[in-house]
Amino acid sequence: MKSIPITDVSSLKNELNKYKKGKKLEIPRFNQLARMAYLGRLVMTPLDPEDASCQSFLVHVQQPEGLAAHFIELDEDLQDTILILDSEQSMAMAGIMQAGVEERARWLEALNQRDFYFSAFYRPREGREAAGAAAD
């Protein structure tokens, strides 16, 4: 990062405005971040909550854990880092994060209602009924 002389207030304001706008990620990096968002591994907070015109977000990327860590590839410079995303990509990330949470909730609901016993031990009697009819 370049240094800005403290006496140059206009340069300082320009640099601050650049940060407030955030940054767009390239497609591959966006997709990597979106995977982390879908898994709930992002923490997002408004860059400047007191400024209504600032719609960029600070995004903390957490490393994938457990089984996901074996399958999800994440660039080293994205692991455990904080980024400033522009408003458009931030809103997209928030939507992806919400979709991931909703899908996991549906999966957990279905898992809670699933009957493993009958699928493991119940066998239809079709074979027995056909054998009994042939004997008659």
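This chat goes through salt bridges in a predicted model.

Q: What should I know about the model and its numbering?
A: The model is predicted: local features need pLDDT of at least 70, side-chain atom pairs count only at pLDDT 80 or more, and totals for chains, interfaces and linings use all residues. Residues are numbered from 1 along each chain as its sequence is written, and side-chain values use heavy atoms, with hydrogens and water left out.

Q: How many salt bridges does a search of the whole structure find?
A: Six. A salt bridge here is a side-chain nitrogen of Lys or Arg within 4 Å of a carboxyl oxygen of Asp or Glu.

Q: Which residue does Asp86 pair with?
A: Lys24. Their closest N and O atoms are 2.7 Å apart.

Q: Why does that pair tie parts together?
A: Asp86 is in the loop between β3 (81-85) and α4 (87-113), and Lys24 is in the loop between α1 (9-21) and α2 (27-38), so the bridge joins parts 62 residues apart in sequence.

Q: Is Asp86 buried or exposed?
A: Buried, at 10% relative accessible area. Buried means under 20%, exposed over 50%, partly exposed in between (1.4 Å probe, protein chains only). Lys24 is partly exposed, at 43%.

Q: What about Lys24 and Glu88?
A: Their side chains form a salt bridge, 2.5 Å from N to O. Glu88 sits in helix α4, 64 residues from Lys24. Glu88 is exposed, at 56% relative accessibility.

Q: New topic. Which residue does Arg29 bridge to?
A: Glu26, with the closest N and O atoms 3.5 Å apart. Salt bridges with shared partners join Glu26, Arg29, Asp75 and Asp77 into one network.

Terms used. Helices (H or I, at least four residues) and strands (E, at least two) are DSSP runs, numbered from the N terminus.
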